[in-house]
Amino acid sequence: MAKPFQPGGAEAISEAYQDVRRDDTETNWALFGYDGKFIVHVKSGVDYQELLGLLDDDGRNYIFVRFETGDEMSRRKKFALITWIGNAVSPLKKAKVSTDKAFVKEIITSFGKEFLVEGDKNELKEEKVLKELERASGAAYGTGGH
């Protein structure tokens, strides 16, 4: 099966992924979408709310995002891979997302939690995603203060 990337497209996705992972950049997310039948890097940024504003009802997107989690005893960076499928996406294109996601995951290999969200941006609220990432990390240490 042919990979859903233009020539050089996989490299561009890898560069955007690595930019989010690096400690020496402020980049917190990278958004990938479709240009015709090919998956492309759409945009990267710092502000999570800006990212949410880029998600459309007819969009199929893969998002790699970095959050800082933990408590006063332990702060660390956590990463999530989010697949967004808008409400207006046809069943055939929805089905193609699962096949294409396997190719995306050959490039985006390191993340703490994976999310599949179909049309409900409330599922992508920052607090909700953070809570799931903290739960996935398995440890919640603190001083017990309220």
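1. Confidence in the model. pLDDT is the predictor's confidence in each residue, on a scale from 0 to 100. The structure is a predicted model, and its mean pLDDT is 91. Of its residues, 92% reach 70 or more. Residues 142-146 call for caution: pLDDT stays under 50 over this stretch, for which the model has 5 contacts beyond four places in sequence. Where pLDDT is low, the predicted coordinates should not be read in detail.

2. Helix H1. This helix comprises residues 9-21. At 1.5 Å a residue, its 13 residues should span 18 Å, and the C-alpha atoms at its ends lie 19 Å apart, which agrees. Which residues of H1 are buried? They are Gly-9, Ile-13, Ala-16, Tyr-17, Asp-19 and Val-20. Seen down the axis of H1, these buried residues fall within an arc of 160°, so they line one face of the helix.

3. Asp-19 belongs to helix H1. Its relative accessible area is 17%; because buried means under 20%, Asp-19 counts as buried. Leaving aside neighbours within four places in sequence, Asp-19 is in contact with Thr-25 and Thr-27. Gly-8, by comparison, is placed in the segment before H1 and is partly exposed, with a relative accessible area of 42%. Between the C-alpha atoms of Gly-8 and Ile-85 there are 25 Å in space, and the two residues are 77 apart in sequence.

4. The nonpolar cores. The largest nonpolar core has 19 residues. Those with the most contacts inside this core are Phe-5, Ile-13, Phe-32, Ile-39, Tyr-62, Phe-64 and Ile-108. At least two residues of the core are supplied by each of H1, strand S1 (29-35), strand S3 (60-71), strand S4 (74-85) and helix H3 (91-107). Apart from this core lies another, of 18 residues, including Leu-31, Leu-51, Ile-82 and Val-117.

5. Ile-13. What does Ile-13 touch, not counting residues up to four places away in sequence? Its partners are Phe-5, Phe-32, Ile-39, His-41 and Ile-107.

6. The S1-S2 hairpin. Strand S1 and strand S2 (residues 38-45) pair in the antiparallel sense over 7 bridges. Trp-29 has Gly-45 in S2 as its bridge partner. The two strands form a hairpin with 2 residues between them, and Gly-36 in the turn has a positive phi of about 70°. S1 is mostly covered, since 5 of its 7 residues are buried.

7. Thr-69 in S3. Thr-69 is found in strand S3. Is Thr-69 buried or exposed? At 3% relative accessibility, Thr-69 counts as buried. Beyond its neighbours within four places in sequence, Thr-69 is in contact with Ser-74, Arg-75, Arg-76, Lys-78, Leu-130, Leu-133 and Glu-134. Thr-109 is 40 residues from Thr-69 along the chain, and their C-alpha atoms are separated by 20 Å.

8. Helix H4. This helix is formed by residues 126-137. At 1.5 Å a residue, its 12 residues should span 16 Å, and its end C-alpha atoms are 17 Å apart, which agrees. The buried residues of H4 are Val-129, Leu-130 and Leu-133. They cover an arc of only 100° around the axis, which puts them on the same side of H4. On the other side, Glu-127, Lys-131 and Arg-135 are exposed. Leu-130 and Leu-133, listed here as buried, are also among the contacts of Thr-69.

9. Asp-120 is placed in the loop between strand S5 (113-118) and H4. At 32% relative accessibility, Asp-120 counts as partly exposed. Asp-120 and Leu-130 are 10 residues apart in sequence, and their C-alpha atoms are 17 Å apart in space.

How values were computed
Residues numbered from 1 in each chain as written. Predicted model: local features only at pLDDT ≥ 70, side-chain atom pairs only at ≥ 80, totals over all residues. Heavy atoms only, no water. Helix = DSSP H or I, 4+ residues; strand = E, 2+ residues; numbered from the N terminus. Buried < 20%, exposed > 50% of the residue type's maximum accessible area, 1.4 Å probe, protein only. Contact = heavy atoms within 4.5 Å. Expected span 1.5 Å × (residues − 1). Arc of directions from axis to C-beta. Core = buried A, V, L, I, M, F, W, Y, C linked by side-chain atoms within 4.5 Å. Pairing = 2+ DSSP bridges.
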